[in-house]
Amino acid sequence: MGRGYAMILFSTLTSKEKTDMGRDFYQELGLYYDEVVGDRKEAIRQIRTLLREYAPKAKTLLEVACGTGTVLKALEKKYSVTGVDYSEIMLSQAAQKLPAVPLYQGDMRGFSLGVHCDVALCVYDSINHVRSLAEWKRTFRSIRRHLESDGVFIFDMNTLSKLNRLAAEPPVV
């Protein structure tokens with residue numbers, strides 16, 4: 001994480017929770033994530049449109065599962081941004097892009113940052129990491145605790161229909 005970059009990183013996970021969560025898939029992918037997924041300009045344009053429509057007066061924004069910070073970087077000039085992600089390697093990539101932005105390590109299913117925001121985002125199908133109804137409830141409660149009373153939560157997900165459609169398509173190489 002060092003390499004001359006300033007970073008605010010607070011871990012909300014205990015050692016036992018990190019162990020209980022199992023192997024972090026993004027430890028393998030983290031260093032190459034941005035190259036693999038591309039620039040995401042179209043997705044960021046859609047996010048900006050949603051923010052203008054559903055949270056036109058928003059000033060503060062929390063991205064849950066912020067990954068390498070691409071969305072936060074695109075929005076930091078208009079909003080006071082904060083990010084939380086489970087993966088240390090993804091957060092280290094985000095810290096390089098966003099040295100002055102508060103970044104926290106935490107699990108979307110149960111984090112407590114002590115901050116409140118006008119908007120919470122969880123995009124790029126990140127919420128699909130949540131596997132059970134009980135975990136969904138925990139996730140939504142965690143996010144709600146961080147929203148102002150009139151706050152907005154914007155998220156996307158893969159539906160069963162979309163997953164079935166993707167499974168039926170030939171693999172892309």
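## Finding our way around

Helices and strands here are DSSP runs, numbered from the N terminus. On that naming, histidine 146 falls in the loop between α7 (133–145) and β6 (147–155). Keep in mind that this is a predicted model.

The protein chain has a mean pLDDT of 82, with 79% of its residues at 70 or more. Strand β2 (residues 60–64) has the highest confidence, at 98, while strand β1 (residues 8–11) has the lowest, at a mean of 38. The pLDDT stays below 50 over residues 1–23, although this stretch does have 46 contacts in the model beyond near neighbours in sequence.

## Histidine 146

Is histidine 146 buried or exposed? The cut-off for buried is under 20% relative accessible area, so histidine 146, at 2%, counts as buried. A polar atom of its side chain lies 2.6 Å from the backbone oxygen of serine 142.

Not counting residues up to four places away in sequence, histidine 146 also touches Leu62 and a run of others, including Phe111, Ser112, Leu113, Gly114, Val115, His116 and Cys117.

The largest nonpolar core has 23 residues, and Leu51, Leu61, Leu75, Leu103, Val119 and Leu121 touch the most other members. Two or more residues each come from α4 (41–54), α5 (70–75), α6 (88–97), β5 (117–122) and β6.

## Aromatic rings

The structure holds 4 aromatic pairs. One of them is edge-to-face: phenylalanine 140 and phenylalanine 153, 5.4 Å centre to centre with 75° between the planes. This pair links distant parts of the chain, since phenylalanine 140 is in helix α7 and phenylalanine 153 is in strand β6, 13 residues apart. Phenylalanine 153 also pairs with phenylalanine 155, this time stacked, at 4.9 Å centre to centre and 25° between the planes.

Ring pairs join Trp136, Phe140, Phe153 and Phe155 into a cluster. Phenylalanine 140 has a relative accessible area of 29%, which makes it partly exposed, and phenylalanine 155 is partly exposed too, at 33%.

Elsewhere, a charge meets a ring: the charged end of arginine 40 sits over tyrosine 124, 3.7 Å from the centre of its ring.

Definitions and conventions: Residues are numbered from 1 along each chain as its sequence is written. This is a predicted model: local features need pLDDT of at least 70, side-chain atom pairs count only at pLDDT 80 or more; totals for chains, interfaces and linings use all residues. Side-chain values use heavy atoms; hydrogens and water are left out. pLDDT is the predictor's confidence in each residue, from 0 to 100. Helices (H or I, at least four residues) and strands (E, at least two) are DSSP runs, numbered from the N terminus. Contact means heavy atoms within 4.5 Å. Buried means under 20% relative accessible area, exposed over 50%, partly exposed in between (1.4 Å probe, protein chains only). A polar contact is a pair of N or O atoms within 3.5 Å; within protein, one must be able to donate a hydrogen and the other to accept it, and residues adjacent in sequence count only if both atoms are side-chain atoms. A nonpolar core is a set of buried Ala, Val, Leu, Ile, Met, Phe, Trp, Tyr and Cys residues joined through side-chain atoms within 4.5 Å. Rings of Phe, Tyr and Trp (its six-membered ring) pair if their centres lie within 6.5 Å; planes under 30 degrees apart count as stacked, over 60 as edge-to-face and the rest as tilted. A charge sits over a ring if NZ of Lys or CZ of Arg is within 6 Å of the ring centre and within 35 degrees of the ring normal.
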